[in-house]
Amino acid sequence: MIADALRKLELDDVPLATPTGRLVGASGLLLEAAGCKLHTGQRCQIETVEGDWLDAQVVGFREKLSFLMPFKKATGLTTGARVLPSPDKVSLQIGKGWLGRMVNGLGEPIDGLGKLEGEHPLESQPPRINPLKKKPVTEALDVGVRAINSMLTLGKGQRVGLMAGSGVGKSVLLGLITRQTVADVVVVGLIGERSREVREFVEMSLGPEGLRKAVLVIAPADESPLMRIMATELCHSIAAHFRDQGKNVLLLVDSLTRYAMALREVALALGEPPATKGYPPSVFSNLPQLVESAGNGENPYGSMSAIYTVLAEGDDQQDPVVDTARAILDGHIVLTRELAERGHYPAINIAASISRCMNHVITREHMLAARALKASMARHERVRDLIPLGAYVPGADPVTDKAVNLHPHIEEFLCQGTKEAAPYGACVEQLERLMS
């Protein structure tokens, strides 16, 4: 009798039919399927002429048509190809075994080191935190960059953008921050960048020591826009997990602009009208949702600091993505081509940059010294063009004379070599001594 009941249960588990759709259209990035009920976000498999299966995800629908977007380049598709809904995916399992590993946007290892081990479920979407329960930013974050530690001090849990045009040194500065920052875990998202930079970042920027405490999520420029989007969101989920485990986490995303471009590609393919410089409105609603998932959580012992690179196309600081990032982040660090061409590294424009959490994490003496240095730089800027012409006459204004005499020392203080360490305490001490 028990055996009969077990056989009945087993038979009940066997589906009477497998829902199958058919591919009815393929245009650009989008595939169209009909004949099967699908929901947005669901994963599917599409049969190719070779008999293989192509993985895709539902990104929209219109009446009886479902719009799919493949994870990889779609080749070998034909009209009427079978479309099978994938069963509800099992969430990824994350743990300490992820440290030192490299994954793609689906959480699959790409470093050839075998299967990823974990004890805790990891959702593809980062958790949302009640803003009233978030731990405030009260402690300074040591990023090992003298100009940032002293003049643009960051806090644990702060989110900031590195903004510059191409070839000004964003990625190099990000590598320096990766090596020098004092953090338990570093999560790096290399999104939409050159494939060549991936190995260079691992070997030159991170190094063996840095890689041991890092997780890299990689989606280079030749990946589909859907994979670039998923990789960006996955690195936020990974960082949030370690934050909630009580770790001090540093999240680095290179770059936020490539994420916005991937969102634009998907939105335009779905027929959303372009608004600002070709970006559909949905892009500017998705950016704050992503950024707000970073920062501190409810755990009083963990923190999650985030640094995003933002590409200012044509050095335009009014670019829509740059402008949006400046509004939704807790500060911005502007790198200028003028300083880079003068050999000033890192090419940080102190006057154009700001850290909105700086006053919460520094002492009064530090604040006064930073203000004095900014004032001295502004005073020197007024007469900078007059000095080479011989039009500046010393002695007319003692304050300006002091700024002119001090400027070479300030330049030397703000410059830093790519292999040079600059601990937070030493930076503050040097600043206060310089401006005393």
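Tutor: Buried means under 20% relative accessible area, exposed means over 50%, and partly exposed lies in between, with a 1.4 Å probe and protein chains only. This is a predicted model, in which local features need pLDDT of at least 70 and side-chain atom pairs count only at pLDDT 80 or more, while totals for chains, interfaces and linings use all residues. Residues are numbered from 1 along each chain as its sequence is written, and side-chain values use heavy atoms, leaving out hydrogens and water.

Student: What share of the protein chain counts as buried?

Tutor: The count covers the 436 residues of the protein chain. The buried share is 50%.

Student: How many helices and strands does the protein chain have?

Tutor: Both are DSSP runs numbered from the N terminus: helices are H or I with at least four residues, strands are E with at least two. The secondary structure of the protein chain comes to 13 helices and 18 strands.

Student: In what order do the 6 strands close into a barrel?

Tutor: Two strands pair if DSSP finds at least two bridges between them. Strand 2 (residues 30–34) has 3 bridges to strand 5, and strand 4 has 6 to strand 5. Strand 3 (residues 43–47) is joined to strand 4 (residues 53–62) by 5 bridges. With antiparallel pairing, the barrel order is 1-2-5-4-3-6.

Student: Which residue of strand 5 is the bridge partner of F61?

Tutor: Strand 4 and strand 5 form a hairpin with 2 residues between them, and E63 in the turn has a positive phi of about 55°. In strand 5, F61 is bridged to S66.

Student: How many residues of strand 5 are buried?

Tutor: Strand 5 spans residues 65–70 and is mostly covered. L68 of this strand stands opposite L31. Of the 6 residues in strand 5, the number buried is 5.

Student: Are helix 6 and helix 7 parallel or oblique to each other?

Tutor: Axes are lines fitted to C-alpha atoms, for helices over the stretch in contact, and angles run from 0 to 180 degrees between N-to-C directions. The axes of helix 6 (residues 256–269) and helix 7 (residues 281–292) come within 10 Å and cross at roughly 135°. Angles under 35 degrees count as roughly parallel, over 145 as roughly antiparallel, 65 to 115 as roughly perpendicular and the rest as oblique. Helix 6 and helix 7 are therefore oblique.

Student: Which residues of helix 7 make the contact with helix 6?

Tutor: Contact means heavy atoms within 4.5 Å. Helix 6 contributes L256, Y259, A260, L263, R264 and A267. Helix 7 contributes S282, V283, N286, L287 and L290.
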